[in-house]
Amino acid sequence: MEQKMAESSLKYSELFGLKFVTATTREILENLRGRGARKGLSMYTPNLEFFSIARKNPGFGSILERADILVPDGHGILLLSRALGIPIENKIEGASLLMEYAVEGELKVFLFGGKPGVAERAARQLESTGVEIAGTCDGYEKDEGKIIRMIKESHADIVVVALGCPKQETWIDSHAKELGCICIGCGGFLDVVAGDVKRAPAAMRDRGLEWLYRLAKQPFRWRRILPLPFLLLKMVSIGIARGPKAKEYIGL
Ligand code: UDP
């Protein structure tokens, strides 16, 4: 199956079957402008953990393969690409990039996800930076029809979906086309914007040590974080043995 990204003018690099955008933030913004806002676009931000989830859940691998835009998130992807000689140089903060796009293009943003109250507080923060908020909904609302109605009636152009991985990508895969919006999956973005979760200091982020900071602040995450260095080593050795485009991690 050909990934749609190949049809666009964005540069990308293939790593374990996924085509990551390697363009600059500016080039991505221009590409989005060229596509027009209301087309139903899926944008995900894979880190190494996505591969581990996809290995256990092949349906998730197909969802990632069907994505319109995959932006590299997390230092692990950069380390993996460097070790295998694949040109992916920069992490891209996908949600921040879309907020910039929204302000520039005067587009309306709907925030979906997080515990009750988080999206509203994130909305107030984003509004103070010039983002026009179309509406909000917490990530524990059970009535799927109600969520879709709220988004449609809000006339949003962009939907930020922060339900954690793989729930958010699965949701976007089912609804982006029907909504006709740009949908981005972005985990804890709303928690950070609302001020409930602090990001690591820039010096730690630049050195790829955000995982250490998260482990210190949220020790309950150890089960998710500690296997990642081993996953990285395993993927490097598979990539060297079978080539960096080996698809086994996305179950294809
Ligand atoms: N969440 C949600 N609905 C759910 C499960 C999770 O809205 O059914 C939210 C949760 O409150 C948190 C976010 O999804 O705000 C997940 O954040 P995390 O940093 O764990 O994201 P991940 O690392 O999984 O992408």
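**A tour from the ligand to the sheet**

Select the ligand and Gly139: a polar backbone atom of Gly139 lies 2.8 Å from a nitrogen atom of the ligand, a polar contact being a pair of N or O atoms within 3.5 Å. The model is predicted, with local features requiring pLDDT of at least 70 and side-chain atom pairs pLDDT 80 or more, whereas totals for chains, interfaces and linings use all residues. Residues are numbered from 1 along each chain as its sequence is written, and side-chain values use heavy atoms, without hydrogens and water.

Next, select Arg224, where a polar side-chain atom is 2.9 Å from an oxygen atom of the ligand. On its own the ligand has 550 Å² of accessible area (Shrake-Rupley method, 1.4 Å probe), and the protein covers 81% of that area.

Six of them form an open, parallel sheet in the order β4-β3-β8-β7-β5-β6, where pairing requires at least two DSSP bridges between two strands. β4 (69-70) and β6 (132-137) are the edge strands; each has a single partner, so one side of each lacks a neighbour in the sheet.

Select β3 (residues 41-44): two bridges join this strand to β4, and the two run parallel. Tyr44 has Leu70 in β4 as its bridge partner.

How values were computed. A polar contact is a pair of N or O atoms within 3.5 Å; within protein, one must be able to donate a hydrogen and the other to accept it, and residues adjacent in sequence count only if both atoms are side-chain atoms. Helices (H or I, at least four residues) and strands (E, at least two) are DSSP runs, numbered from the N terminus.
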